[in-house]
Amino acid sequence: MSEVEAESPFDGEKAPASPRADLITAAVLFTLGVAIVQQAIAMPRFVEQSGTGLTAPGIVPGFYGVMIALLSLGLGLRAVGRGGWAVQGVATAGTGDGRRLAIAALLGVLYSGVLVGRVPFWAASALFVFAFTTVFEWDQAPERRLRRIAEAATIGLATGITVMLVFENLFLLRLP
Amino acid sequence: MLDALNNLVGGFAHVLSGGAVFHAFWATLVGIIVGALPGLTATMGVALLTTLTFGMGHDVAMLVLVCVYVGAIYGGSRSAILLNIPGTPASAASTLDGFPLARQGLAGRAMGISTSGSWLGTLFGTMILALFAPSFGEFALQFGSYEMFWVAMFGIVIAGSLSGGDPLKGYIAGFLGLFVATIGQETNHAYARFAFGNADLAGGLGLLPVLVGVFGVAEVLSSMRGQAVKAVASKIDSVIPRIADVTKHWKTILRSGALGTFIGAMPGLGEDIAAWTSYAAAKRASKEREKFGKGSIEGLMAAETGESACVPGAIIPVLTLAVPGSAPAAVLMAAMMIHGLNPGPMLAITAPEFIYQIVAMLVVADMVKMVYGLVLVRPLLWILLIPRERLMPIVFVLCTVGAFAITSRLFDIWVMLGAGLVGFILRELRFPMAPLVLGIVLGDLLDKNLLRGLVLSGGDVTPFFTRPISMGLCGLTLLAALWSIPGLANLLRRRKPSPG
């Protein structure tokens, strides 16, 4: 993007991550890179089969692990150069509502990870859409809450039944 | 030449037979809606629709996915013009002049410019694809393991350098993607890498569940975390494109078409970079620079033409090298593999007619897009107003179906959730997603060709650097990597003689 003269109107959203966040990320990625290399070295080499050991399963991931470790070392050094070591505070870079994010993630995991596979798919989907919509619309105009809950239930049921009919009957796919 | 013409006519006859036109209409409509809705991207649209195409023949499936891709890239401009929010990242440049035009009461004219620019852009790119892809495919037949290794490396490096503004993070994302692709049984000895005794992990991480997670689940989380979208232009003037807007800016259209197609053909760059580069080039060349950002017709035309020309451009390397030019093209390539097609150099030998079928599909999608551009204004306005609280859970349900459907493993749903969470965190930390996707898609290609090359040369690495095409590709890769080092790039720029 360096050659582009025009500025994105969403620069606020694309603000770079803080040096602190980069430093922590670099540490995590460096550890990952080293772990990949360690696992790659521990893999069998199959010298007796190939004769040369050049088809050893660890060669390619080992190379990736080295690259990830080296590049994250670079990221870490750059973050330190930009004051990442000294700066204290929040490590996240983005903007937005963390509570909303946590609720969305929790509902998503409850649906995909717990309900799906245990409850009929249409019912799980209907319940998830209903709960998601109701929770996120709860604070809007309390006088119309009952109506919104009814709408959420309708949307949930419609989604569950439509997805089941379309995917299973029309496109002949298996649902969880 | 006559063969090419025959194949082209055959391609159109094939694509326009049976109920294909019906599929083109519904799929383009789905694409436009997906593209127009902020939070849903073209990549996600193609990934989710891939699920629906499992039961279809490969020709119908490809038509559906090409239509979704073309429609989604175009659809993004609707919300860019009416909401000042790009429906897809590709439409970000369109907000600069599209929204000011809408505020001036010219929303309809802006959409007309978007429709004509996008239509011409896709047509231009498709023409280039038809002209050059077959001969480039034949040239690519000379590529052996050494060359294919460098093609994959070049893709990762160029995508890492240019797709996110921070090359270091781009490279890391690319190598993370490559690493993800190594999980599971490898081909030489069927050894399960990074499986830790788990049978599901030994089977590898499915491409589609990972992509649906990175682009679907992560988008849902990002969307729910951010601020709600407000304000939409309520009055719309005529959306019929004006001939004068096209004839007056023919140079801009040609320049943006060429730039968009070229950037599309570069591995992993994609539509957003094509749009920004076309916009910047139009601004440099314009006699009315001061109007850019304040409702410039030329600016909007350039952005729309560039991003839409990029779509056929991004399919060129898919068909000729099995290397995708953009994130949605990566998913399209994955879908081709799922449907038993074998994209890459051998396509010119095994199914030369398929390249022309893709040309026909792109033209059909472009025509249908034009029709919707003229008639689908008010219904889209209504769709744009659906609150995310009601839309996103439905998207999440579709993501779950998409992740599960290909192999019917509940494990894939967990993969989707994990990939979504990791994708969301990486996005928040400003890691670009295009190199990650490219890494996942190219992982197998790189892995096989590196090992095969080493075996063929008996462990000697010199053929990777001394064979003519290999040497050229290696040089390009190194140049791209060196250019991304800030100090070095500045040094090279300073050495350039200043004009005048």
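Colleague: How many helices and strands does the secondary structure of chain A come to?

Modeller: Start by counting the elements, then read their order. In this predicted model, chain A has six helices and zero strands. Along the sequence the pattern reads α-α-α-α-α-α.

Colleague: Where does UniProt place the feature "transmembrane region" in chain A?

Modeller: The UniProt entry, which is unreviewed, puts the feature at residues 23-42, 62-80, 101-132 and 152-173 of chain A. Over residues 62-80 the chain is 100% helix, with the end C-alpha atoms 27 Å apart. Residues 101-132 come to 84% helix and 0% strand, and there the end C-alpha atoms are 12 Å apart.

Colleague: Which elements of chain A give two or more residues to the side that touches chain B?

Modeller: Begin with the totals, then go to the elements. The contact takes 66 residues from chain A and 59 residues from chain B. On the side of chain A, the elements giving two or more residues are helix 1 (19-42), helix 3 (59-81), helix 4 (98-115), helix 5 (121-137) and helix 6 (145-170). Helix 3 of chain A supplies the largest share, eleven residues.

Colleague: What classes of residue does that side of chain A have?

Modeller: The side of chain A that touches chain B has 41 nonpolar, 18 polar and seven charged residues.

Methods: Residues are numbered from 1 along each chain as its sequence is written. Chains are lettered from A and ligands numbered from 1 in the order in which they are written. This is a predicted model: local features need pLDDT of at least 70, side-chain atom pairs count only at pLDDT 80 or more; totals for chains, interfaces and linings use all residues. UniProt positions are given in the numbering used here, feature names are shortened, and annotations may be inferred rather than shown by experiment. Helices (H or I, at least four residues) and strands (E, at least two) are DSSP runs, numbered from the N terminus. Two residues are in contact if their C-beta atoms, placed from the backbone, lie within 7 Å. Ala, Val, Leu, Ile, Met, Phe, Trp, Tyr, Cys and Pro count as nonpolar, Asp, Glu, Lys and Arg as charged, and the others, Gly among them, as polar.
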